[in-house]
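Please look over the sequence and the model shown below.

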Amino acid sequence: MKVTMTVNGEQESNDIEPRLLLVHYLRENLGLTGAHLGCETSQCGACTVIVNGDSVKACTMLAVQAEGAEILTIEGLAAKDGTLHPIQTAYWEEHGLQCGYCTPGMIMSTYQLLERNPNPSEAEIREGLQGNLCRCTGYHNIVKSVQYAAEHMSKETAAVAD
Amino acid sequence: MVLPKLVGERIKRREDPRLVSGTSTYVDDIKLHGAVYCGIVRSIYAHAKIKSIDTEAARQFPGVIAVVTGADLKSGGAGTMPVAHRFGEGLKVPLRYPLAVDEVHFVGEAVAAVVATDRYVARDAVDLIEIEYEPLSAVVDLDAAYAGGSLVHEQFGTNVAFEWVLNNEIGTGIENAEVQISQRFENQRLAPVPMETRGVVADYDKGKKSLTLYTSTQIPHLLRTFLSGIIGLPEHHVRVVAPEVGGGFGMKLNVYTEEAIASLLSMQLGKPVKWIESRGENMAGSIHGRGQVQYADIGATKEGKITHLHVHILQDLGAFHQLLTPIIPTLTGLMVTGSYDIANLQCTVHGVFTNKVPTDAYRGAGRPEATYLIERVCDLVARATGVDVVEVRRRNFIAAAAFPFTTLAGLSYDSGDYPTALDKALSHIDYAGFRAEQKAARARGKYLGIGFSTYVEVCGMGPSAAMPAGFGWESATVRVDPTGNVTVTTGIKPNGQGQETTFAQIIADELGVGVDNIVINHGDTGSSPYGVGTFGSRGTAVGGAAMMLAIGKVQEKARQIAAHMLEADPADIVFEDGKWGVKGATETGKSLAEIAWIAYTGDTIPAEIEPGLEATSFFEPSNFTYPFGTHIAFVEVDADTGDVALLRYVAVDDCGRIINPMIVDGQVHGGLAQGIAQALVEGVEYDEHGQLITGSLMDYALFTARGLPSFELDHTVTPTPVNPLGVKGVGEAGTIGSTPAIVNAVVDALAPFDVAHIDMPLRSEKLWRIMHGK
């Protein structure tokens, strides 16, 4: 069946099987392989993307359920000229990743967390990211990355306000 | 201008831009034209005869291209899966074909494979394969399997696959020891759970009769060698490519049936065949780690000096040997005396088959089991003697002046200073203050505990002579391109450890080029010298050392060419501030780019100098390395719920010289999380029929960010003399050191309940029952 959605600002239309998962649609049909499959049961969050402003585990949503939706994936986060988003920069600066497999999902969850709470405490960060598993970092530097991002994004916001 | 040295600096990782932007290529991201998808049918029984396999419905299903069974592969000439060992005839090795033939031995074992046009159709077709089984009795419990019980492999007449004995009993007998303690320890099975499951794309070129296998592995070169034997394709017709690997932790240090199955199917069909492991398959069919029961008899003096350690280890092998299965528990035996000078050691290891998925290397691989045992023993001795847990450790430490120290197991600890690491860790805490606070808290019904682990581990795997089947060396090629940029090819296969950055730091210092002028390649057997791989915390200690040797050759040739360019004696040429110049007149020195251009244009260099500027080296370490440290955990156990709160974690680790402190700390963080998780929450569970209970991430507990605190890290630096970098390795230390620190802390917290020992994982229900006498 036909499905139409806006992904990273581009409208995409495809004829797909109703059972196709959103994560496979993004990866296979649109070639956006940044969202990863880690568990297929919504525990690990490696497939996290933003659907209509909410972070969603794309392994547990059918592509047809995203009909008409606005979707943001890791590929759409950086500026068009390739300049990294402050959250991406933060993960780089603070060594918030090692193997990198969970990272796109972790960054998209961070994106939503900071949108809803621009200055989270450590406890709020740990709470906010508990839908995403990382096996490499022990979360220590992920927490620092989110703190770094929060600090720099609020500075940017302040600069814009000035 | 003096170039800043990069070794020792916190340099941001060069791997990260591609990883944070979703543009890296893991194996499932590889799309080849005409690719078809493989699905695997797996055993639902822990032990059963295969009476029949009906593939007809699957074959008729639209989109299905092929179906194969174990019998098909065997009759087609497929070989059996490899195991590396030095036991000779002393090891019972059940033959295992890529797909089971006649009998299955664990839940999750591959029985048949389908190939279809798309991955959804492949999964549909898997469900259409009808297998008739005749269930046989399964043995699941390790003690029961050792004692006899039903046999995993009838033909051996026993479940004991091997016995390994380390008998070094000297002096007085344990029966005369002033303090005698006996304790059984369980080191439970764990699932490694790299966030990326395994996966392969096998691409056979019928014209060239050659196979390219893309696979998520830590050992592309070794895999190529072993795979070639299984699939009957000569090694030089096989190329293995490990793309971006999303975590390994030992799980991907292996040769797996699916790598052979997909390869054989691609050879049969002439199409690229992709198989991506589901998480359920990963939990059931890829290796598990740990899985030991340890019986320890300890003798000590009243002053807390440990005099005797007698250990009997049962290793749960699972149903078959994977690549290193039998070797892992021998590492436990070798390291079981830890950082202590103990006069009498006896250790026997029995490897025991059970009807479960094979165990093999999981981060730490045999050493966490040793550290756990001896660090728990220290606390048991403290409990029995009344000597403080810190003092017991001090009284038993190998003295700092005793290195190199030969242990009773015959190992030679390279370098170390255990008391200094302990002192440094203690300097971060107020030990006396905590004990007072603990006492006061207990009076209020609040249970605080502190746990120490003063570990030593063995890593930097080789040397070859000490490895299960050699292969303890590593290789590297350093090529200076004509433009002066540097292309390094290493035989290791980083999967998160950051050697694209740390190796570039070393090159930058040694050859006088910027890190942006360096690329570190890895993971492709088609474009590198033969290498060994990433495991056993060897990437930098052995792989980096190989690169250092190659750098040395390039430096020497650069010196020769610079001498020619400057019309000077090579003996007068020095490398200073990134240039090769005449001593005392280095301002006229030549940069690497200038030298490289002359080396490659070739028309002006003397005949005795070969053109080009490139070197390959193979480094064979003279010994293992022995990182060490002190970890301290603070916990509170909630009396109402039995829940453990990890209040604080201090880790002082000594991994020798540090190339990049940010990366070293990251390695420790991740290791700590895994070790702490073993102590508190993780554990693979099978029921009595051998059904896997923890078959998904809904059932297998991993820590989320909320379960862990931020860690407090520090280091001492004791370089190793074993390699030219002085680095010991740090990939596994966190896992090895942390588990007993946590258990010691919890047992300490529960001291008012008169508990000597609690087996892991220390989940809340277990602790609540102890606290409430239920």
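## Contact between chains A and B

The contact draws 45 residues from chain A and 41 residues from chain B, two residues being in contact if their C-beta atoms, placed from the backbone, lie within 7 Å. On the side of chain B that touches chain A, the elements giving two or more residues are helix H1 (16-20) and helix H17 (661-680), and H17(B) supplies the largest share, 7 residues. Helices are DSSP runs (H or I, at least four residues), numbered from the N terminus.

By residue type, this side of chain B divides into 19 nonpolar, 14 polar and 8 charged residues; Ala, Val, Leu, Ile, Met, Phe, Trp, Tyr, Cys and Pro count as nonpolar, Asp, Glu, Lys and Arg as charged, and the others, Gly among them, as polar.

The model is predicted: local features need pLDDT of at least 70 and side-chain atom pairs count only at pLDDT 80 or more, whereas totals for chains, interfaces and linings use all residues. Residues are numbered from 1 along each chain as its sequence is written, and chains are lettered from A and ligands numbered from 1 in the order in which they are written.

Leaving aside neighbours within four places in sequence, B:Ile507 is in contact with B:Val486, B:Val488, B:Val513, B:Ile518 and B:Ile551.

## Helix H15 of chain B

Because 19 of its 27 residues are buried, H15(B) is largely enclosed by the rest of the structure; a residue is buried if 20 or more other C-beta atoms, placed from the backbone, lie within 10 Å of its own. Just after H15(B), B:Glu567 takes a positive phi of about 50°.

Note on methods: A residue is buried if 20 or more other C-beta atoms lie within 10 Å of its own, exposed if 12 or fewer, and partly exposed in between; C-beta atoms are placed from the backbone.
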